[in-house]
Amino acid sequence: MGDKGGDNHSEVTDFILVGIRVRPELHNLLFLLFLIIYGMVLLGNLSMIGIIVTDPRLNTPMYFFLGNLSVIDLSYSTVIVPKAMANILSQKKTISFAGCVAQLFLYALFMVTEAFVLAAMAYDRFIAICNPLLYSVRMSRSVCIQLVAGSYLCGWVSSILQISVTFSMSFCASRVIDHFYCDSNPIEKISCSNTFINKMVSFSLAVLIILPTIVVIVVSYMYIVSTVLKIPSSEGRKKAFSTCTSHLGVVSLLYGTVSFVYLTPPNNPELRKVASVCYILFTPMLNPLIYSLRNKDVKDAMKRVLWKKKLSF
């Protein structure tokens, strides 16, 4: 249904997700690869959340944001990966119309929210290093909650706009989405509607999301670098920079993989799928590793947890 069905999207009850094109004998290997990496995503992010929640020494704004970042990474990966894994082994490879709407909505929600949370984390580091005496006031618990809530609100609004324009299109031409999840670009390609408004809304949302978050991050780090360079001792400079390196690593990873996804030529869908795997699987897998390997507080908290477990045995 939906291949022949008139000119109204309501006649489409489901879509077919083509997935990543590999030889049939490689399907099991691809499934195993997704399973292993997704398992690492679950383990890394759930461990990070557990450590932050249970260790009172990590009850600070920076780790409040980091905990939320782990929730977001875990969420957008879970929105896509289990269904993609099921379709690898399935002959039908279908997703319901409602499921496709929900998947795109949640994916866009968490992706946009993550960008704003990372900007909030940059602001947190700016206040901590450039205005340490005002840190407890400027980054109080209520302020942190408001920043995270505002990030989710921005994600929610942008997602509503995105799915509104995407699924108001007609799908009389085809219901076959050349991707392993529901994304706006491949959905546009199977529409028989004029996609000009859709493209303009997507572009406007991208500008309104990327520009302010990048500006906040860049300006924050400009002030941070200027302040740190004024610290007389090399040990002091190293300590100040050490609190920022993990965040910079995560920001670089996020914007690097997202750029890879959306700057990939549209005439090369398979490369775009590989780029999407990097963002959806590798980014949430690596983020906890970056923070645990480069952050002394997290490493100490992990040691305390492991020591308690050892003593319990």
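The model is predicted.

Start with helix H3, which covers residues 97-130. Its 34 residues reach 50 Å from the first C-alpha to the last. That is close to the 50 Å expected at 1.5 Å a residue. Where does H3 sit, out in the open or enclosed? Of its 34 residues, 28 are buried, so H3 is largely enclosed by the rest of the structure.

Now take helix H2. Tyr 76 lies in this helix. Its relative accessibility is 0%, so Tyr 76 counts as buried. Tyr 107 is 31 residues away from Tyr 76 along the chain. Yet the C-alpha atoms of Tyr 76 and Tyr 107 are separated by 5.4 Å. Compare another pair. Asn 28 and Met 139 are 111 residues apart along the chain, and their C-alpha atoms are separated by 48 Å. Asn 28 belongs to helix H1, residues 27-54. Asn 28 has 57% relative accessibility, and the cut-off for exposed is over 50%. Asn 28 therefore counts as exposed.

Next comes the open space. The largest pocket holds about 970 Å³. It is lined by 31 residues. Those closest to its centre are Met 111, Ser 202, Ala 206, Ile 210 and Tyr 262. Which elements give two or more residues to this lining? They are H3, helix H5 (141-166), helix H6 (184-189), H7 and helix H8 (234-262). H7 gives the most, with 9 residues.

H7 also has a part in the surface. Val 207 is in this helix, which spans residues 196-228. Val 207 has 36% relative accessibility, so it counts as partly exposed. An α-helix has 3.6 residues a turn, so residues three or four places apart point the same way.

The largest cavity has a volume of about 30 Å³. Its lining is made by Asn 45, Met 48, Leu 66, Leu 69, Ser 70, Asp 73, Asn 287, Pro 288 and Tyr 291. H1, helix H2 (61-89) and H9 each give two or more residues to that lining. H2 gives the most, with 4 residues.

Charge pairs come next. Side chains of opposite charge can pair when their charged atoms come close. How many salt bridges does the structure hold? There are 9 salt bridges.

Take Arg 21 and Asp 178. They form a salt bridge with their closest N and O atoms 3.0 Å apart. Arg 21 lies in the loop between strand S1 (14-17) and H1. Asp 178 lies in the loop between strand S3 (176-177) and H6. The pair therefore ties together parts that are 157 residues apart in sequence. Asp 178 has a relative accessible area of 25%, which makes it partly exposed.

Lys 199 pairs with Glu 188, the closest N and O atoms being 3.1 Å apart. Lys 199 is in helix H7 and Glu 188 in helix H6, 11 residues apart. Glu 188 is buried, with a relative accessible area of 6%.

The salt bridge between Glu 270 and Lys 273 has its closest N and O atoms 2.7 Å apart. Both residues are in helix H9, residues 269-294. They are 3 residues apart, so about one helical turn separates them. Glu 270 is partly exposed, with a relative accessible area of 24%. Lys 273 has 0% relative accessibility and counts as buried. Salt bridges that share partners join Glu 270 and Lys 273 with Arg 21 and Asp 178 into one network.

Definitions and conventions
Residues numbered from 1 in each chain as written. Predicted model: local features only at pLDDT ≥ 70, side-chain atom pairs only at ≥ 80, totals over all residues. Heavy atoms only, no water. Buried < 20%, exposed > 50% of the residue type's maximum accessible area, 1.4 Å probe, protein only. Expected span 1.5 Å × (residues − 1). 1 Å grid on protein atoms, 1.4 Å probe; cavity = no way out; pocket = protein on both sides within 12 Å on 5 of 7 lines; lining within 4 Å. Points joined across faces, edges and corners; volume = space filled by probe spheres on them. Salt bridge = Lys/Arg side-chain N within 4 Å of Asp/Glu carboxyl O.
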